[in-house]
Amino acid sequence: MAANNGQQQHPAVRIGSKMVGKDQPCYVIAEIGINHNGDMDIAKRLISVAVGAGCDAVKFQKRTIDVVYTAAELAKPRENPFGATNGDLKRGLEFGLEEFKEIDRYCREVRMPWFASAWDEASVDFIAQFDVPCFKIASASLTDDNLLRHTRATGKPVMLSTGMSTVEQIDHAVDVLGKDNLILLQACSTYPAYYEELNLKAIHTLMDRYGVPVGYSGHETGLPASIAAAAMGACVLERHITLDRAMWGSDQAASLEPNGITQLVRYLRIVEKSMGDGVKRVLEREQPVIQKLRRVGGGQ
């Protein structure tokens with residue numbers, strides 16, 4: 001049983017040079033995913049957007065197509081820029097070794113940490129060669145015990161997204177992974193998600209149940225819910241980014257454009273600054289207001 005049962009909260013997790021967890025600045029991940037549409041120039045432009053917005057990391061996805069998808073699924077007709085089948089699409093969107101070498105080189109050049117969601121064991125090994133600071137496990141993979149164990153065997157911190165998962169499934173996944181260097185992410189696996197589906201209060205449910213740092217992976221279209229998640233204590237904020245939500249691609253509509261991700265980070269830092277330490281006190285800057293406006297006990 002993975003429940004916390006009132007035990008001590010696990011400490012913050014180190015992701016690269018930053019600590020992620022309670023009382024730490026919220027760690028903002030710009031999810032590029034497959035929004036590059038198979039184009040390295042678009043990928044680099046999205047990395048630059050994340051740099052300009054002040055994000056802490058960018059994230060990609062990596063799949064071994066013939067392992068993650070069945071032959072029947074790949075053979076399904078689906079008109080797309082790469083061909084006429086679903087397989088043409090999936091292969092066209094998948095970056096290989098040369099592309100990821102360039103991503104790694106460019107991210108180092110612009111000083112933007114990167115990592116990926118690896119959807120199968122071979123993809124974990126592929127991404128591990130780049131010495132990424134952590135791994136993300138997608139909601140769809142939460143029930144894949146072998147993938148969880150293989151990812152954990154890298155020795156890197158793990159972020160586990162909990163969309164489309166029951167408490168019992170999350171219990172099991174946490175038991176498989178262990179709680180050390182683990183961050184859970186509340187998520188709703190609809191694209192784009194409706195606000196009434198987001199269930200932000202589950203952030204506290206996950207915190208209380210597992211005693212590990214908890215963040216939020218959002219697929220909604222706007223900013224308010226993500227800001228609220230951070231104010232509720234989410235230590236990670238992950239949002240998809242795109243150059244233009246009208247671009248071709250299945251994830252574009254659930255993504256933030258450059259102005260949106262820039263505003264999100266700016267508002268988030270304002271909220272963090274506004275939280276204070278919880279100690280109620282009279283501020284020095286309030287003293288003149290007391291003298292001016294308080295009729296009784298004004299000198300207190």
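Predicted model: local features only at pLDDT ≥ 70, side-chain atom pairs only at ≥ 80, totals over all residues.
The buried residues of helix 5 are F100, I103, D104, Y106 and C107.

Helix 5 runs over residues 97-109, and at 1.5 Å a residue its 13 residues should span 18 Å, which agrees with the 18 Å that separates its end C-alpha atoms. After helix 5 comes R111, a residue whose phi is positive, near 60°.

## The largest nonpolar core

The largest nonpolar core holds 82 residues, and those touching the most other members are V58, F60, W114 and M159. Helix 1 supplies the largest share of this core, with 8 residues.

For V58, once its neighbours within four places in sequence are left aside, the contacts are A30, I32, I47, A50, C107, M112, P113, W114 and F115. Among these contacts of V58 is C107, which is also one of the buried residues of helix 5.

Within helix 6, the residues S123, V124, F126 and I127 are buried. Seen down the helix axis, the buried residues of helix 6 fall within an arc of 160°, and therefore they line one face of the helix. These buried residues of helix 6 pack against strand 4, helix 5, strand 7, strand 8 (135-137) and helix 7 (145-152).

Definitions and conventions:
Residues numbered from 1 in each chain as written. Heavy atoms only, no water. Helix = DSSP H or I, 4+ residues; strand = E, 2+ residues; numbered from the N terminus. Expected span 1.5 Å × (residues − 1). Buried < 20%, exposed > 50% of the residue type's maximum accessible area, 1.4 Å probe, protein only. Core = buried A, V, L, I, M, F, W, Y, C linked by side-chain atoms within 4.5 Å. Contact = heavy atoms within 4.5 Å. Arc of directions from axis to C-beta.
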